[in-house]
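Please look over the model below before reading on. My points follow in numbered form.

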Amino acid sequence: MNEPKHSIRVDTVECGAKDFMAVKVQGIEMRSIFEEPKKVTLRSVGKAFFGGSSRAVVTLDVPRGCTDLMYSLRISTNEGDKSSDGKFDKRMTESYKKIRFLGIPLYEREKSHSNLFRELLYSDKPVRDEDAYCNVYVFTNQGEAKKFQDGEDPSKLKYNIDLSLMGTQSCNGRIPTKGLSKIYFGFANERFRYSNYLWLEVIAASPKNEYYRISYKLD
């Protein structure tokens with residue numbers, strides 16, 4: 001009589017620093033910059049003649065130890081909220097737990113583009129309104145951001161061309177923060193007729209030590 005065959009399942013499980021055979025890896029800690037989404041209204045160029053502005057600046061304070069900011073920007077021509085607004089940090093945390101054991105390096109401190117951050121942001125794209133888009137300028141200098149807010153032609157200002165977006169719809173993005181204490185998002189609606197409504201959520205990512213061990217289980 002043949003005995004039933006068993007297989008051994010090998011898992012990687014989270015553990016404490018002092019647990020037997022614990023292996024230390026560098027992961028990330030994520031926390032929201034804002035308690036709730038930063039809501040911005042960009043009046044159309046035509047409506048701005050009668051009040052309001054087609055431009056806005058949002059200042060981000062970079063927390064100590066933060067190496068990257070991940071953001072979600074939802075743009076719409078409708079000012080109504082969606083059920084997904086305000087949950088970017090929760091979704092990123094859940095995605096991180098799912099992918100951190102899939103062979104993706106948890107944290108690449110010295111690289112300008114991390115596989116982990118790309119994977120996280122790709123997994124959670126915001127809902128797109130095909131009729132809604134704007135320009136996004138990333139400034140690291142307060143004076144330049146102020147000039148933008150006051151209506152200066154952006155072509156005459158110093159902004160980070162690699163991180164800025166022209167005519168973008170809803171999107172996710174990442175901003176390396178090495179050496180920076182503040183970052184300024186400049187938003188501009190160049191459409192004459194349609195106003196835009198923006199929901200900006202930002203997560204600060206910082207390195208932290210995590211510990212794992214190999215678990216064997218007989219199936």
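Which residues does Leu 73 touch, not counting residues up to four places away in sequence?

1. Leu 73. The model is a predicted one. In it, Leu 73 touches Pro 126, Val 136, Ser 170, Cys 171, Asn 172, Phe 187, Leu 198, Trp 199 and Leu 200. That count leaves out residues up to four places away in sequence.

2. The largest nonpolar core. Leu 73 belongs to a core of 25 residues, the largest nonpolar one. Leu 73 is among the residues with the most contacts inside this core, together with Leu 69, Phe 185, Phe 187 and Leu 200. At least two core residues come from each of these strands: S3 (38-42), S4 (55-61), S5 (68-76), S6 (134-139), S8 (171-176), S9 (182-188) and S10 (196-218).

3. A second core. A separate core has 13 residues. Phe 88, Ile 99, Leu 120 and Leu 121 are included in this second core. As general background, nonpolar side chains in soluble globular proteins tend to be buried together.

4. Overall layout. The protein chain holds 4 helices and 10 strands. Their order along the sequence is β-β-β-α-β-β-α-α-β-α-β-β-β-β. Of the 219 residues, 41% are buried. Among contacts with a separation of 6 or more, 85% join residues 24 or more positions apart. The accessible surface is about 13,500 Å², and carbon and sulfur atoms account for 48% of that surface.

5. Helix H4, buried side. H4 spans residues 142-149, and its buried residues are Glu 144, Ala 145 and Phe 148. These three lie on the same side of H4, because they cover an arc of only 100 degrees around the axis. In general, an α-helix has 3.6 residues a turn, so residues three or four places apart point the same way. The buried residues of H4 pack against S4, S6 and S9.

6. Helix H4, ends. Asn 141 caps the N-terminal end of H4. One of its side-chain oxygens lies 2.9 Å from the backbone nitrogen of Gly 143. What follows H4, and is its phi positive or negative? Gly 151 follows H4, with a positive phi near 105 degrees.

7. Arg 213. This residue sits in strand S10.

How values were computed
Residues are numbered from 1 along each chain as its sequence is written. This is a predicted model: local features need pLDDT of at least 70, side-chain atom pairs count only at pLDDT 80 or more; totals for chains, interfaces and linings use all residues. Side-chain values use heavy atoms; hydrogens and water are left out. Buried means under 20% relative accessible area, exposed over 50%, partly exposed in between (1.4 Å probe, protein chains only). Contact means heavy atoms within 4.5 Å. Accessible areas come from the Shrake-Rupley method with a 1.4 Å probe; for residues, only the protein chains shown count as cover. A nonpolar core is a set of buried Ala, Val, Leu, Ile, Met, Phe, Trp, Tyr and Cys residues joined through side-chain atoms within 4.5 Å. The arc is that of the directions from the helix axis to the C-beta atoms. A polar contact is a pair of N or O atoms within 3.5 Å; within protein, one must be able to donate a hydrogen and the other to accept it, and residues adjacent in sequence count only if both atoms are side-chain atoms.
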